[in-house]
Amino acid sequence: MYLSLAGAILCLSLSAIRSSAVPVSAISQGPQRIFPTPATHRPLVIWHGLGDTANGEGIAGLMRDMKEMYPGIFIHSVQYPGSGSIDDERKAGFYGNASMQVDEVAETIRDIPELADGFDGIGFSQGGLFMRDYVQRHNEPRVRNLLTFGSPHMGIARLIPCRSSFDLLCIIAKQTAQKGVYTEWAQNNLIQASYFRDHDRLDAFHKMNKYLTRLNGELEAQPRAARNIASLDNLVLINFEQDQTIYPKESAVFGSLVPSAVNSSNPVIPMTENPFLWKHDRIGLRKLAKKGGLQYGTPDESCPGAHMDLDWGDEEGCGQRLVRRWIGWSM
């Protein structure tokens, strides 16, 4: 798949975000919300999506507006590699080892004193998958509220065309993946291959994939991951109703496709009917839900547009609405 995952690649870009400052007076209270003095807002870590960069136009505008929403808030935007160029950063979204990238980012986060007492997290598309991986395997310092926007939590099952015929990074990654996504080389060196889950080739996926199978506890229990996910205050899974980049779009809320050989009136297996996610609770989602910390599946956690269309310029749009509700809480 991620052959064009490579194409998702650019679609995952936050170019759709339009910066527009929000006056503090426009902030509405969410449930159980405490409004702190400016210096006590909980810090925030943002992990951008595929094809974007830590200080790209969309991310920079988002951070600028959020600092006006919450004066004094500390925001760290994940940059990988930390000392690389913009081209190096963008390339890393296509090529590399997903687990190793998360490990290196975790080391960086541990060294930031402003994050030592915990923080909230926002992950856009692929970045949401990596933020969850940070929680499950590291979480020191711990994440309190984690928001994932259109993230492929159950992988992607269909290739997506590159956005431009001039995007060589995307084209080369796609061509390379097409030669064999379930090869050892692809799984270790192509980021998109690490979460390509072909519902009609599950045997090959289970044999060769090490990243997504581990992240979701698909083959064996993940006790540490389960403890860390259950320790979140809130995991907010945000889907885009018109998403044509993440397929199936229900992957954003842990939905997966039924194999073609299985007769089913519903082509998507929801999270709560997935044995390893729910019945066996291998990564702690059911336990988190039991304590009221799993937020998904209602209009409150949904964006009506296409992938990464946050409608940020509208105070009532899904982007500002969700940020006002879940970010900026008291330390």
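I sorted the residues lining the largest cavity into 5 nonpolar, 5 polar and 1 charged. For the classes, Ala, Val, Leu, Ile, Met, Phe, Trp, Tyr, Cys and Pro are nonpolar, Asp, Glu, Lys and Arg are charged, and the others, Gly among them, are polar.

I'm working with a predicted model, where local features need pLDDT of at least 70 and side-chain atom pairs need 80 or more, while totals for chains, interfaces and linings use all residues. Residues are numbered from 1 along each chain as its sequence is written, and side-chain values use heavy atoms, without hydrogens or water.

**Cavities**

How many cavities of 30 Å³ or more turn up in the whole structure? I got 2. A cavity here is a set of points on a 1 Å grid over the protein atoms alone where a 1.4 Å probe fits but cannot get out, and a lining residue has an atom within 4 Å of a point. Points are joined across faces, edges and corners, and the volume is the space filled by probe spheres set on them.

The largest one holds about 100 Å³. I listed its lining as Trp47, His48, Gly49, Leu50, Tyr80, Glu89, Ala92, Gly93, Gln101, Gln126 and Phe130. The elements giving two or more residues to that lining are α3 (86-92) and α5; helices (H or I, at least four residues) and strands (E, at least two) are DSSP runs numbered from the N terminus.

Met154, Gly155, Ile156, Ala157, Arg197, His199, Pro248, Ser256 and Leu257 line it, which I split into 5 nonpolar, 3 polar and 1 charged.

Most residues other than glycine have a negative phi, and most peptide bonds are trans. Tyr80, on the largest cavity's lining, is joined to Pro81 by a cis bond with omega about -5°. Pro81 sits in the loop between β2 (75-77) and α3.

I found another cis bond between Tyr247 and Pro248, with omega about 0°. Pro248 lies in the loop between β5 (234-240) and β6 (256-257), and it also lines the second largest cavity.

Ser125 isn't a glycine, yet its phi is positive, about 50°. I placed Ser125 in the loop between β3 (119-124) and α5.

Which way do α4 and α5 cross? α4 passes α5 in a right-handed crossing, meaning the near helix is turned clockwise from the far one by less than a right angle. The axes of α4 (98-110) and α5 (126-137) come within 10 Å and cross at roughly 70°. So α4 is roughly perpendicular to α5, a label for angles of 65 to 115 degrees. Axes are lines fitted to C-alpha atoms over the stretch in contact, with angles from 0 to 180 degrees between N-to-C directions.

For contacts (heavy atoms within 4.5 Å), I noted Ala98, Ser99, Gln101, Val102, Asp103, Ala106 and Ile109 in α4 meeting Phe130, Asp133, Tyr134 and Arg137 in α5. That contact has 6 nonpolar, 2 polar and 3 charged residues.

I then checked α5 against α10 (223-230): the axes come within 7 Å and cross at roughly 110°, so these helices are roughly perpendicular too. Arg132, Val135, Gln136 and Arg137 in α5 meet Arg224, Ala225, Asn228 and Ile229 in α10. I counted 3 nonpolar, 2 polar and 3 charged residues there.

Key:
Parallel < 35°, antiparallel > 145°, perpendicular 65-115°, else oblique. 1 Å grid on protein atoms, 1.4 Å probe; cavity = no way out; pocket = protein on both sides within 12 Å on 5 of 7 lines; lining within 4 Å.
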